[in-house]
Amino acid sequence: MSRTDRTDFDTLAVCAPGVEPLLDAELAALGIRRRRVVRGGVEAVMRQRQLYAANLWLRTATRVLVRVETFGAGTFHELERNAALIDWQRWIPAGAAVSFRVTSHRSRLDHTVAIAERLAAASGAELATTGDRRDDESPDDSAPVARFVVRLDRNQCTLSADSSGEPLHHRGWRRQVAKAPLRPTLAAAMLAAVGWPTNPSPAGRVMFADPFCGSGTLAIEAALAATGQPPSPGRTFAFMDWADFAAGTWASVTAVSSLDDGPVPLIVAADRDAGAVAATVANAGRAGVAELLSVTCASVSAFAPPPGPPPGPDDVAWVVTNPPWGGRLDSGGDLRDLYATFGQVMRERFTRWRVAMLVTDRHLAAHTGLGLDHALVTTSGGIGVQLLVTGPIGEKRDGPRRRRAPGGPTRPRRGSPKPT
Ligand SMILES: C[S@@+](CC[C@H](N)C(=O)[O-])C[C@H]1O[C@@H](n2cnc3c(N)ncnc32)[C@H](O)[C@@H]1O
């Protein structure tokens, strides 16, 4: 893969393992030509406006890398000689430091720190002392860093520039987190896996509920998607500091307005922890969706759907949640009761809703008494997790056992990103 001209980029959109088909579907919906799905990402060719649109609109990707160059690097001399030929100024804004995330396989050069030092010297920029920032979303006040990913394989060095900068899961609106927050990209993957609408039909209601909302990640992602807004409105990206940044193209990519003729989503969220509820409200305010959320401080046993009749055939109604999972079997007693209560509340009050729950332990999930199928298998914080889903609650065995193709129902809505 190499850059084919000034406006075509060979890219790798990066995601968590297991999420690739969902990311592939997102790229397809943007009209982007995908080359192949690889573990942890999708390779694609993007024109400049598509690169901008991908960063703005992709909900499940953590970053979008652009291939800068591939060259021989069998020795440090060869690495330095080839690195000196790179047009670094194209990727590094004036005054920025550089960081290189280096991996080496089957290659003579395997001292990743020394490789990064040589590349930094060739670039003429200072090597940043830190890598990625901590995993929260507070504003970064430190000096700008141009990030690169370097992969040596069989003495060939592939250098990629990170067009996203701050990882895409740093949404900007999620500055307050409660205990065990989900990565927003995983929340987005859960929603995509159940077919949460980004293009709802005006015919029906669109309803969402999360009784264990923590910092509100799922509810806010659901609100942004269902109203056709980008996942992190207003955030900036590394490509905006590149030498060939086209402000007019960016303006046209961001000019797409959100829908106002679709149904207003009805979103209820709750948590028994008052701090979590405060975080949800504050985060929703920053995301601009506060008026779409009804948030309460209550235990799951008091949780109820939005007022109105049970969902009909034209309605979309999902409980998508991430209950506490604990880490150890010996804490399973309390959690079994909690899961049983959750299942009982679903059966008694959420008739014809569908349920999706992210769990680490399928046996624990069985205490809900709900008929559950797999919709997604991935990782969260290095732990294996699975998204389990039901059919409509109250129908036979919680509805027909059907499994949607991941990503299949996700499609661009009117007014949201157009294929570019
Ligand atoms: C894994 S966290 C959810 C994290 C959330 N998805 C986020 O991104 O921030 C589980 C949440 O369940 C809440 N919780 C635990 N027991 C509860 C109960 N009985 N009723 C309601 N909420 C409860 C905890 O306070 C915690 O915020």
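Start with the open sheet of 7 strands in the order S10-S9-S8-S11-S12-S14-S13, where the pairing is mixed. Strands here are DSSP runs (E, at least two residues) and helices are DSSP runs too (H or I, at least four residues), numbered from the N terminus; two strands pair if DSSP finds at least two bridges between them. The edges are strand S10 (293-297) and S13, each of which pairs on one side only. From one strand to the next the twist averages 15°, with axes being lines fitted to C-alpha atoms, for helices over the stretch in contact, and angles running from 0 to 180 degrees between N-to-C directions.

The model is predicted: local features need pLDDT of at least 70 and side-chain atom pairs count only at pLDDT 80 or more, while totals for chains, interfaces and linings use all residues. Residues are numbered from 1 along each chain as its sequence is written, and side-chain values use heavy atoms, with hydrogens and water left out.

Stay in this sheet and select residues 373-380 and 383-389. These are strands S13 and S14, paired in the antiparallel sense over 7 bridges. Aspartate 373 has valine 389 of S14 as its bridge partner. The two strands form a hairpin with 2 residues between them, and glycine 381 in the turn has a positive phi of about 60°.

Next, select strand S8 (residues 206-210) and strand S9 (residues 266-271), which pair in the parallel sense over 4 bridges. Here alanine 209 is bridged to valine 268 in S9. Contact means heavy atoms within 4.5 Å.

Now show the ligand. The residues around the ligand number 19, and Leu182, Ser215, Thr217, Asp271 and Val300 come nearest; a residue is near if one of its heavy atoms lies within 4 Å. By class, this shell has 10 nonpolar, 5 polar and 4 charged residues.

- Threonine 217 places a polar side-chain atom 2.6 Å from an oxygen atom of the ligand.
- Valine 300 has a polar backbone atom 2.9 Å from a nitrogen atom of the ligand.
- Arginine 272 has a backbone N or O atom 3.3 Å from a nitrogen atom of the ligand.

Taken alone the ligand exposes 600 Å², and the protein buries 92% of that; areas come from the Shrake-Rupley method with a 1.4 Å probe.

Move on to the other sheet. This open sheet of 7 strands has the order S2-S3-S1-S4-S7-S6-S5, again with mixed pairing. Strand S2 (33-38) and strand S5 (97-105) are the edge strands, each pairing on one side only. Neighbouring strands are turned by 30° against each other on average, direction ignored.

Select S2 with strand S3 (residues 41-47): they pair in the antiparallel sense over 5 bridges, and arginine 34 has alanine 44 of S3 as its bridge partner.

Finish with two helices. Helix H2 (residues 48-57) lies across strand S1 (8-14), S3 and strand S4 (63-72), at about 135° to S3. Helix H4 (residues 112-123) lies across S4, S5 and strand S6 (145-153), at about 140° to S5.

Definitions and conventions
Polar contact = N/O pair within 3.5 Å; in protein donor to acceptor, adjacent residues only side chain to side chain. Nonpolar A, V, L, I, M, F, W, Y, C, P; charged D, E, K, R; others polar.
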